[in-house]
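Keep the sequence and the structure open while you read.

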Amino acid sequence: MKLLWALAPLLVTAQTISKPPVAPGRSIYLSNCSLCHGATGEGGRGPNLSSGTPVHGTTDADLRRVISKGVSGTPMPSFRFEGSEMAQLLGYLRSLRTTRVAVEKAPGDAASGHVIYEKLRCNACHRIDKSGSVYGPDLSRVGAGRSLAYLRESIVNPSADVPPVYRGVAVTAADGSRVTGIRVNEDSFSLQLRNIAQQFVLFDKSEIKEMGERKESLMPPYSNLTPKELDDLVSYLASLRGAITKQGVKKGVEVR
Amino acid sequence: MRSVFCAALLMLAVRAEVPYERLVNASSEPQNWLTYHGDYGGVRHRELDQINTANVKDLRLEWLFQVPKSGRFETVPLVVDGVMYFTAPEGHAFAVDARSGRELWRRRHRIPENALLVGGSINRGFAVLGGRLYMATPEGRLLCLDSRNGEELWDVEVGPWQKGFGATSAPLAVKDKLIIGVAGGEYGVRGYLDAYDAATGKRVWRWYSIPGKGEPGNETWSGDSWLRGGAPPWMTGTYDPQLGLLYWGIGNPAPDLDGDVRKGDNLYSSSIVALDANTGKLVWHYQTMPHDTHDWDAAQTPMLADLDWKGQPRKLLFQGNRNGFFYVLDRVTGKFLMAKAFARQNWSRGFDETGRPIYEASIDPTPDGNRICPGLAGGANWMAPAFNPQLKTFYLQYFEECHTYYSMPQQFKEGKPYWGGTYQSIENERKWGNVKALDPFTGEAKWSFEFNKPSWVGTLSTSGGLLFTGDDDGYLVALDARSGKLLWKINTGASMATAPITYMVKGKQYLTMASGGALLTFALP
């Protein structure tokens, strides 16, 4: 250990020099918030701060209130920051919200993309607003929460990034029957799946012979679209930002 | 008939008082639950067998009590002669009829609106002594309540919240004193354990868990890092009335994850200490993690047991530690007798003859991240362990997980979090909750029981051959203490973060557990 201590300051100096300077709000965030909300706001013990609709509001005043007062009945404690620190932190929290990527200009034609969406029957697994299936991710606000590159990759290579909640689970029941579906819930003693027919398939774990998580996405890759079709479809998805009500709150289910 | 009635009334009136002698002999009153751990030794075993391996399958809900606030309901209730006393988050306190759950009184301590609450608004329970109840408040105060009506008798500051102190643990009543430590290890406080006069609230002694300038041990902190080195004794300790010694697990050094600014062993952070209960003087210490950089405190219950060790009767101390090791010490001298890993770990190569751990080459957090097991929360944590003296088996629930630890230089500011880094879960690496039954003589597992998720639920052992525990999904379970076989379970509907208790009133045994915002009590039909 002594040797390590002797070397450690040198290592830290080297790291500090080789890395670009970070926003001051980031270090405040990392040292105060990241243990619960994740190093990049992806959530953990606390809610995801990078996407979705925050339960306690989105304005600076909302965030300031939640941070300085905590959230009653939750592990979220109250924090006391000086004015300048609070401003830096709020700035960093705003930057975490991936909605900022929505300003990218999509190259294709959204109307044509909508037609392709219908033709491919994407709604057999996805839904937009209240139309479609609840099997796969809700796309009502997918344009507000995802970059164009991410949308494109999700179509041609959906296995590149499968959100944990949409990983397929394959079960062989004690009676030999097989089910593949999305894990709606699981605990120590039971498992709840949803199949592609949007039915719940419910197990007591004593009824399961074998279960495993699929590495590949349940969504097939759509790699045979023409470049134009792909541009159009990406444009259509990018245009999906949810509705805005009179209160200024965006409707739509959290994009995962 | 009349004289019998009067005698019974009189007896009840006398029994409502809990003098020190009753606390010393708490295990001989299995019908009651008189301290946070149920007994001074932290054994958490009850000689009650009405509910047993044969009939536990019939256990059913008897009553439930809803508290005003939900969230982390971490209380361990006390039961005194048919009356249950418990605390709830946000300064709430209650007394209820332990058979029916009907309320006898309720009180609320108002937490100042602007107070920084370093441990959230939680509370872990009461201490009782005489006719009085004692509770900590999240902003760092100690309250004394009249057990007859909950009236506040006095209220003293243990540590100022403005400087990052807090208090969440149940105080420990010893003789005429209340022992309580501060929280605030993530805020760069200098930790201490206090004793207060039970009658007046006047402070009797204070033991700093970080030695001051000129005191032995201060040299284990580089520069002036000892001034903000954390090491808070944030959980409830144990006590040996014969030896007159308090045993306390001490918190992690601050900043948690950046050891560069506090070179040295950092005594007495991440240590088990023995203090003279009368004076607060240190008698011995054993440091589980010299110069810890993983938030691996030693705050877990230091459990006391008297057993034959290698053929000789010996006063022992057991601890399932956050670093993933089970420790056995001689509690008279503090001598290290054994350590054995119960969780996956990749930081220790073994121990030298004094019990000092030999670290692997690179265990510290780095700017780019270092995968180390266990994770930041452990290993074990404050989930209560239990010991079955008939089966000579130690039980604990702990987390099976690893984390990537990052270090990050950070400027200290009073009253501000002082982590010096961060951590992340490792994607696609399985983590789960594990309950293990350990042979205390070898540290080997007799059996283990897996929960789907890492869980914050402690254990309770009974002479009915049962081990009660639960999980983060809300299952309260009864396992066969011999085999770990699942005998009973119920989905309580909310995650749990404390440990069950058992007690008896008028010949009927009950089991009580806090879940979500409700206190649930079970019994046989």
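Q: Which residue in the turn of the hairpin formed by β38(B) and β39(B) has a positive phi?
A: The model is a predicted one. In it, β38(B) and β39(B) form a hairpin with two residues between them. The turn residue with a positive phi, about 60 degrees, is B:Gly516.

Q: How many bridges pair β38 with β39 of chain B?
A: β38 covers residues 508–515 of chain B. B:Ala514 has B:Leu519 in β39(B) as its bridge partner. The two strands pair in the antiparallel sense, and the number of bridges is five.

Q: Which residue of β39(B) is the bridge partner of B:Phe65?
A: Strand β2 (residues 60–66) of chain B also pairs with β39(B), in the antiparallel sense over six bridges. In β39(B), the partner of B:Phe65 is B:Leu519.

Q: Are the faces of β39(B) covered or uncovered?
A: Strand β39 spans residues 518–523 of chain B, and six of its six residues are buried. On one side these are B:Ala518, B:Leu520 and B:Phe522. On the other they are B:Leu519, B:Thr521 and B:Ala523, so both faces are covered.

Q: Which strands stand at the edges of the open sheet of five strands in chain B?
A: The strand order is β1-β33-β34-β35-β36, with mixed pairing. Each edge strand has a single partner, so one side of each is left without a neighbour in the sheet. The edge strands are β1 (45–46) and β36 (486–491) of chain B.

Q: Which residue in β35(B) stands opposite B:Phe468?
A: Strand β34 (residues 466–470) of chain B runs antiparallel to β35 (residues 475–480) of chain B, and five bridges join them. Opposite B:Phe468 stands B:Ala478.

Q: Is B:Asn381 buried or exposed, and which backbone oxygen does its side chain reach?
A: B:Asn381 sits in the loop between β26 (370–372) and β27 (386–388) of chain B. Its relative accessibility is 4%, and buried means under 20%, so B:Asn381 counts as buried. At 2.8 Å, its side chain reaches the backbone oxygen of B:Ala377.

Q: Is A:Leu202 buried or exposed?
A: A:Leu202 lies in strand β6 (residues 200–204) of chain A. With A:Val184 and A:Phe200 it makes a nonpolar surface patch of about 310 Å². Its relative accessible area is 55%, and the cut-off is over 50%, so A:Leu202 is exposed.

Q: How far apart are the end C-alpha atoms of helix α9 of chain A?
A: The helix has 12 residues, 227–238. At 1.5 Å a residue, the helix should span 16 Å. The span in the model agrees: the end C-alpha atoms are apart by 16 Å.

Terms used. Residues numbered from 1 in each chain as written. Chains lettered and ligands numbered in written order. Predicted model: local features only at pLDDT ≥ 70, side-chain atom pairs only at ≥ 80, totals over all residues. Heavy atoms only, no water. Pairing = 2+ DSSP bridges. Helix = DSSP H or I, 4+ residues; strand = E, 2+ residues; numbered from the N terminus. Patch = residues over 30% accessible without salt bridge, like charges linked within 9 Å, V, L, I, M, F, W, Y side chains within 5 Å. Areas by Shrake-Rupley, 256 points an atom, 1.4 Å probe, with all protein chains shown as cover. Salt bridge = Lys/Arg side-chain N within 4 Å of Asp/Glu carboxyl O. Buried < 20%, exposed > 50% of the residue type's maximum accessible area, 1.4 Å probe, protein only. Expected span 1.5 Å × (residues − 1). Polar contact = N/O pair within 3.5 Å; in protein donor to acceptor, adjacent residues only side chain to side chain.
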